[in-house]
Amino acid sequence: MTLLLVSFAVLLAIGLPIALAMMGASLLFVGWEGIPMSVVAQRVVTGVQSFPLLAIPLFTLAGSLMNESGISERLFGFTRAFVGHIRGGMAHTAIVGNIFMAGISGSSVADCAATSRVFIPQLAKSGYGASFGAAVCAACATLGPIIPPSILMVVYAWQANISLGDLFWAGVLPGLLMGLAMLLLTAYIAHKRQFPKEQAFAWSRLASETRKAAWALFMPVLILGGFRLGIFTATEIAGVAAMYSLIVGVVIFRTLNWSHVPKILLQTAKETAVILLIVAAASPFSWILGIEQAPQLLSEILVRATDKPWVILLMLNVALMILGCFMETIAIMIILVPILIPVLNLFHIDLVHFGIVLLVNLTIGQLTPPVGVLLFVASSIGKVGLGDVVREVIPYLIVLILALTVLTYVPWMSLWLPGVFK
Amino acid sequence: MGDFRKIFGRLDDVIGKFEDITVIVIHGLIAALVILAVVLRYVFNNPLTWGEELIVGLLTWMVFLGAAAAVRSQMHIRIDVMAPVFRMPKFCWLNTVTLVIGIAIMVTMIWGCYEQVLQELVVESPMLRVSKAWFVAAMPVGLLLMLVHALRIWMDQGAAPVFRGETEALVMKEGGVQ
């Protein structure tokens, strides 16, 4: 196992893509042990042949079709009419807009890029400062993987063998809590720095903007409602969501041309391929960790350290937070989840609850240097120094860590809705 | 050498176009088949028995061809914490080392896949009754195409951009710092 883990770490450090690093480490291990190379190939190819994973390209397609239909402008128009009148209204608009965007797209990087392009120039022009704008855009993009649909949730549900519907419902309240925490912090900063107010609140404007955004706002309802009915599979719901997005874009909004569709199909296929290649490459990797008894080893170490689930959760949170600073979210998840599942079962920690804790941890990792992808995206698009964005993002990091603590030790936050809508 | 590079570049362009079209068609087919399966199952109460197997087979091809196309678009995910070090003139040679190791892994995997395809030639899929080699072949084909694209980028732009990730590419395009 040492050979596998050390070679994997070295291959990652020299800059190989995660999928190739996993394949390389697995090949080295089987070569060393005299196992035929075709075993790795067989495991990789069977790793991708799974029907539930089909939800990934279809949810990605649904989100991309909605985005290409110009949905972000409609959603931000709606949220501006909703919260724009509060002091610091533009920053509030970005956060609330992201709560709704997260209910359509499943990727935090895509949400961050979309929000940053729209908001950073506007926030800078209105006196908020570009670095504050970039920090807000990066912080609120963490909601993407928590509020359903979420690509990371599809992968976790598949790995942990739990219901994707339960996990989707479980993400709703935690996502709202994180959003609320960021809104309260923004309100405090806005008051302290005397940020401007936007337009006055008007019911007529809210009604007209709601009408414009209604079709997009209905998408999360369609997805969660599909799971509530309990007769559709996740893949079928994702397929229906993609169809719905196509009809809304082409027929209702009329902002999506048929000629755009091939480009969207290609882009989403590539995005999916990159994730699923890692999932596939993780298959021989996890198999080796299994035959080398890594889960049992970890369980023994943790059992010796403590017998209290809350201490285990604390230790996992700290470890995930540190890992999140250095590694990509999908890599952490794919390597750790198969090893952690037996430990979680041993300590009777609910897998749906832990899924939310894990995802919140991983998204917070996207905000922390040196591998904070959201920081890089927001600072690049906003043309602001990374150091300035990091300084502005620290308060948001603190409130997100507080929200994570609540979510870790109040499992009800994650488990209430899945129980209600079973 | 210049002529070879030009011919190889043209070949790679043709392969790239074919790859893109195939990926688009496969993704479109997957979406259409899933919708068709929903309609047949819930509206006509007549499930598409062979549908799931075909869709999973198509997904396998989409993943490996899409992964090859993602090399051209610099979309693969890597840990880029060392990226700034790799850009330093003193450590530029590390990019070549990484690329050579990457190529060695791809070639070894293609060899492993070849053996796997030969084993699956005689195995029939349960519903479609076709050789399972049709599904398994997606991996060596995808890896071979990844290799071709990697070599083309190496020849045209050097080793550094071959495995560059999406965030790195976006940050560099926007002129940001990482």
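Q: What should I know before starting?
A: The model is predicted, local features need pLDDT of at least 70, side-chain atom pairs count only at pLDDT 80 or more, and totals for chains, interfaces and linings use all residues. Residues are numbered from 1 along each chain as its sequence is written, chains are lettered from A and ligands numbered from 1 in the order in which they are written, and side-chain values use heavy atoms, without hydrogens and water.

Q: At what angle do helix α4 and helix α6 of chain B pack?
A: About 160°, with the axes 9 Å apart. Helix α4 covers residues 93-120 and helix α6 covers residues 138-157. Helices are DSSP runs (H or I, at least four residues), numbered from the N terminus. Axes are lines fitted to C-alpha atoms over the stretch in contact, and angles run from 0 to 180 degrees between N-to-C directions.

Q: So which way does α4(B) run relative to α6(B)?
A: Roughly antiparallel, a label for angles over 145 degrees.

Q: Which residues make the contact?
A: From α4(B), they include Leu99(B), Ile103(B) and Ile110(B). From α6(B), they include Leu143(B), Leu147(B) and Trp154(B). Contact means heavy atoms within 4.5 Å.

Q: Where is Ala67(B)?
A: In helix α2 of chain B, residues 51-72.

Q: Is Ala67(B) buried or exposed?
A: Buried, with a relative accessible area of 0%. Buried means under 20% relative accessible area and exposed over 50%, with partly exposed in between (1.4 Å probe, protein chains only).

Q: What does Ala67(B) touch?
A: Leaving out residues up to four places away in sequence, Ala67(B) touches Ala273(A), Leu277(A), Met62(B), His76(B) and Met146(B).

Q: Switching to chain A. Where is Asn98(A)?
A: In helix α6 of chain A, residues 89-102. Asn98(A) counts as buried, at 0% relative accessibility. Beyond neighbours within four places in sequence, its contacts include Phe76(A), Asp111(A) and Cys140(A).

Q: How many residues of helix α18 of chain A are buried?
A: Ten of the ten, so α18(A), residues 373-382, is largely enclosed by the rest of the structure.

Q: What follows α18(A)?
A: Lys383(A), with a positive phi near 55°.

Q: Which residues touch the most other members of the largest nonpolar core?
A: Met22(A), Phe59(A), Tyr156(A) and Phe354(A), out of 221 residues. A nonpolar core is a set of buried Ala, Val, Leu, Ile, Met, Phe, Trp, Tyr and Cys residues joined through side-chain atoms within 4.5 Å.

Q: Which helix gives the largest share of this core?
A: Helix α13 of chain A, residues 261-291, with 17 residues.

Note on methods
Helix = DSSP H or I, 4+ residues; strand = E, 2+ residues; numbered from the N terminus. Parallel < 35°, antiparallel > 145°, perpendicular 65-115°, else oblique.
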